[in-house]
Amino acid sequence: MTFPERICSCGEPVWFQEQPIEEWPADSPQSMWQFTEQLPVSKPSGLLSQIGGTPLYAAPNLSEEYGLSIFIKLESLNPSGSFKDRGSATGIRYGVNEGKDVGTVSHGNMAISMATLAAETSINCTVLVPSDIPPDRLSHISQFAPTILKVEGSYADLYAESFKIGATHNVLFVNSDTPLRVAGQKTLALELLAELRPTVPDAICLPVSSGGNTSAIWKAIRELHAGGLLPHKPKLLLVQASACDPIATAYQQGKETITPTTANDTIAYSIANPNPPSGTRALAAVDDTNGAVCSVSDSAITNAQQTLRENGLSVEPASATVIAGLAKFKTAGKISREDTIALVLTGTGLRTPINTQQEIPTLAIDSIAERL
Ligand SMILES: *Cc1c(COP(=O)(O)O)cnc(C)c1O
C-alpha cells in the first residue's frame, strides 16, 4: 500500500487487506507482538516490543453493582498511558523500516504516545498541536523532545493538511484512523478475545471519537469471525460525551453517515472530535455487530470516574464514559442481566489534574495514634 493513500474513492478510510485469522496464539498474549503475523510490520526491539499485553480481569464489585459479568481491559497500563501506543508502535516501526520520520496531529494521548515511543528510535517525530492546547498537556508531550508545531486551524484542517505535507516531506503521519494505526490497535481486541476464551463476550464497550479504535476492534472481530474463531460477533457499544456526539446523533437518527457537529466544552476532551474521520465506519461497525451508540453528560462522567476510583481505577474522563454508558445501554435493551461485557479503559487518569482534593489537616507526631 502506498501512503498516504488512506481514503478510497468512496471517501472512506482504507484498511490493510482483511486476513481471516484461523488460529489463536498458543500462549496468553505478553505483548501486541504475539499477533505479529496479523500485523503489516515485523516485531521491533526495545520499548516498542513491550506495547500491549495489558491486563484483562473480572471486576467483581462492578459486576455486582450492574448485574452484569464485567471484565476490564486496562489499556491505561501501556507505557504512555493509553491504547494509542499500539497504533503508534506499528506506525513508528513502519517508519523506522522505511527510513521515514513520523508525525501526528493531536493535543492529547496520540501526541504523547507518538513522542514517547519515537524517543528511543532513530527517527524524528513531529507533532502538530492546536494553538489552544493546555500547558499541562503540552509539557507532557514536550518531555520527549519531539518537533512540536503549534498551528492555527481546526483538527479536521490539520488532519487533511498533515497528509499533504507528509507526502512531500517524507513524514509518515500516523493520525487517528490511518491504516497503520488501525492495524496496531486491532491487537487490543485480539488480546481481549483470546484471553476470554472460551467465553465470547456479549459486548465490548468503548469510548469513540475519531472512530479509529472502533474501526480497529471491528476489523479484529471480522477477521476472527471469518477464520471461524468466533461463533458470534460481540456487540460494539460506543459512548460519546453529550457535548460533542456526532456519532451518537447519527445513530439515534437511524443515519448511515455522520454530519459534523460543533465541539462544545466537555471534560472528556480526548473524545471531542466534532468531525470524526471514521465516524461513518463506526456506524457500520455498530450495525454489523447489532451494537449501539449513546452519549453521556459530564456529570454522569464525573460520577463514573468516582465509581471507578472506588474500584482502584484512575482513568481520564473519556475512559470513564463506558461506566456511564452501561445504564443507558441497559435501558435501551442492548444488554441484559448476566451478559458478559468487556469495558475498555482507554487512558490513565493519573496524568489529569483532579479537582476533588479534600482538606487534610496536619497532625502533630504524637497524635497519629489517636487517628488510626
Ligand atoms: C483517542 C482516545 C479515545 C478515542 O479513540 P478514537 O480512535 O479517536 O475513536 C478514547 N479514549 C482515550 C483515552 C483516547 O486517548
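Which residues of α3 are buried? I start there, keeping in mind that this is a predicted model.

**Entry 1: helix α3.** I looked up α3, residues 109–118, and found it mostly covered, with ten of its ten residues buried. They are N109, M110, A111, I112, S113, M114, A115, T116, L117 and A118. Next I checked what lies over them: the cover includes helices α2 (84–98), α4 (135–142), α5 (155–169) and α6 (179–196), along with strands β3 (101–105) and β4 (125–130).

**Entry 2: aromatic pairs.** I count three aromatic pairs in the structure. One of them joins W15 and W218, edge-to-face, with 5.5 Å from centre to centre and 65 degrees between the planes. This pair links distant parts of the chain, 203 residues apart: W15 sits in the segment before β1 (56–58), and W218 in helix α7. Both W15 and W218 are buried. I also looked at Y159 and F163, whose ring centres are 5.0 Å apart with planes at 90 degrees, so this pair is edge-to-face. Y159 and F163 are four residues apart in helix α5, which means about one helical turn separates them.

**Entry 3: α7 against α9.** How do these two helices pack? I find α7 (212–226) and α9 (279–288) at an angle of about 40 degrees, their axes 9 Å apart. That makes α7 oblique to α9. Their crossing is left-handed. From α7, the contact uses T214, S215, W218 and R222; from α9, R281, A282, A284, A285 and D288. I sorted these contact residues into four nonpolar, two polar and three charged.

Key: Residues numbered from 1 in each chain as written. Predicted model: local features only at pLDDT ≥ 70, side-chain atom pairs only at ≥ 80, totals over all residues. Heavy atoms only, no water. Axes fitted to C-alpha atoms, helices over the stretch in contact; angles between N-to-C directions. Parallel < 35°, antiparallel > 145°, perpendicular 65-115°, else oblique. Left-handed = near helix turned anticlockwise from the far one by under 90°. Contact = heavy atoms within 4.5 Å. Nonpolar A, V, L, I, M, F, W, Y, C, P; charged D, E, K, R; others polar. Buried < 20%, exposed > 50% of the residue type's maximum accessible area, 1.4 Å probe, protein only. Phe/Tyr/Trp six-rings, centres within 6.5 Å; stacked < 30°, edge-to-face > 60°.
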